[in-house]
There are 2 protein chains.
Amino acid sequence: MDGRFKLDNQLCFRLYTASRLITQAYHPLLAQHGLTYPQYLVLMTLWEKDAQPVNDIAKRLMLETNTVTPLLKRMEAEGIVTRSQGKKDARQMIVRLTRKGHGLQTKLMSVPETVGSAILCESVTPETVPGLFTMLDDIILQLKGKQG
Amino acid sequence: MDGRFKLDNQLCFRLYTASRLITQAYHPLLAQHGLTYPQYLVLMTLWEKDAQPVNDIAKRLMLETNTVTPLLKRMEAEGIVTRSQGKKDARQMIVRLTRKGHGLQTKLMSVPETVGSAILCESVTPETVPGLFTMLDDIILQLKGKQG
DNA sequence: ATTATTTATATCGTGTGCGATGCAAATATA
DNA sequence: TATATTTGCATCGCACACGATATAAATAAT
């Protein structure tokens, strides 16, 4: 068997591992505020634009609503967001930041910097990261087009 | 608030999304053989070297044994691997491919090629992939060193 | 206006991931 | 040799992810 199956040749395994390890790097920083990484992603979308329906959040994060819904319910239970029925469209659930949810932005101010500097290394620098972004964005666009 | 929290600026979100989307690309190819992507990773390690203790598999995949153990039990239930107590060290569970587990290698022969070509695009080509591998390997090494 | 279809969200089931913890076998130490 | 520590694996609990499916509201078609 040629090297086709060799783990070392596989892009996906690297992405999968790198993603998990970076998420683990976020963990101690987020856990002290009772957050998980996906919840932090939701917060970032709401800090960018508050009062979004579930669907918009899911699309922004490229997740299914059946992933996001229970996640938002946990955040609601924690008092980080509210969920209320839309007025124009009664099917929509509009998600809004609470004061606590807003406040987390200040408390988490140093997180991107901390994680960012933990990642910097020989081949990953402010000069090379844009190229990395381009490749990852292209992969995402490519695969997103093939399905939804 | 400056762009610190902008989702678009975040490396982790890109890795997380790219990883999930590529895993989804594997899904139809693996599901028809009753496999998940993590199970496919286990198979790759065993195709490289059969008869490994749980710990070696976990280390190779950089996962915890409490993730790998139930995964292996499901694979055992599917008749893909066997698990038997080690002879030198009675604590170890040695995992071995069954005939079926070996046979899957032939059946899945075209998978790496198929997924690979689904990923190729403008900025991700046979010329640029090595550079991408270097960056991801560096990130993994960097973060691995910081903990385990 | 009635019916059919689409859309937004939710529920359910299965399979990871991983922190916390337990336990027995192996090893190190006294 | 007796005891302490480490190691390999496992169980438990919780939080994603996502395919499949359900339900009600909105929209399109007749």
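**Close-up views of a predicted model**

**View 1. Charges and overall build of chain A.** Chain A carries 19 positive and 14 negative side chains, with the centres of the two sets 9 Å apart. Keep in mind as you look around that this is a predicted model. The C-alpha trace of chain A spans about 60 × 35 × 25 Å along its principal axes. Its accessible surface comes to about 7,500 Å², and carbon and sulfur atoms account for 52% of that area. Of the 148 residues in chain A, 47% count as buried.

**View 2. The order of helices and strands in chain A.** Here you can trace seven helices and three strands. Following the sequence, they come in the pattern α-α-β-α-α-β-β-α-α-α. For contacts in chain A between residues at least 6 apart in sequence, 47% link residues at least 24 apart.

**View 3. Strand S3 of chain A and its two partners.** Strand S1 (residues 52–53) of chain A pairs with strand S3 (residues 93–97) of chain A in the antiparallel sense, over two bridges. In this pairing, look for Pro53(A), which stands opposite Ile94(A). Strand S2 (residues 81–85) of chain A also runs antiparallel to S3(A), joined to it by five bridges. Here Val81(A) stands opposite Leu97(A).

**View 4. The largest nonpolar core.** Which residues touch the most other members of this core? They are Ile22(A), Tyr40(A), Ile22(B) and Tyr40(B), out of 101 residues in the core. Helix H1 (residues 11–31) of chain B supplies the largest share, 11 residues. As background, nonpolar side chains in soluble globular proteins tend to be buried together.

**View 5. The surroundings of Tyr40(B).** Neighbours within four places in sequence are left aside in this view. From chain A, Phe5(A) and Gln10(A) are in contact with Tyr40(B). From chain B, its contacts are Tyr26(B), Leu30(B), Trp47(B), Leu108(B), Val111(B) and Pro112(B).

**View 6. Thr128(A) in a loop between two helices.** Thr128(A) sits in the loop that lies between helix H6 (111–119) and helix H7 (129–145) of chain A. Why does Thr128(A) count as partly exposed? Because its relative accessibility is 29%, and the partly exposed class lies between under 20% for buried and over 50% for exposed. Not counting residues up to four places away in sequence, Thr128(A) touches Ser123(A) and, from chain B, Met135(B). To get your bearings, find Met75(A): it is 53 residues from Thr128(A) in sequence and 36 Å away in space, C-alpha to C-alpha.

Conventions
Residues numbered from 1 in each chain as written. Chains lettered and ligands numbered in written order. Predicted model: local features only at pLDDT ≥ 70, side-chain atom pairs only at ≥ 80, totals over all residues. Heavy atoms only, no water. Helix = DSSP H or I, 4+ residues; strand = E, 2+ residues; numbered from the N terminus. Buried < 20%, exposed > 50% of the residue type's maximum accessible area, 1.4 Å probe, protein only. Contact = heavy atoms within 4.5 Å. Areas by Shrake-Rupley, 256 points an atom, 1.4 Å probe, with all protein chains shown as cover. Lys, Arg positive; Asp, Glu negative; His and termini not counted. Charge placed at Lys NZ, Arg CZ, Asp CG, Glu CD. Core = buried A, V, L, I, M, F, W, Y, C linked by side-chain atoms within 4.5 Å. Pairing = 2+ DSSP bridges.
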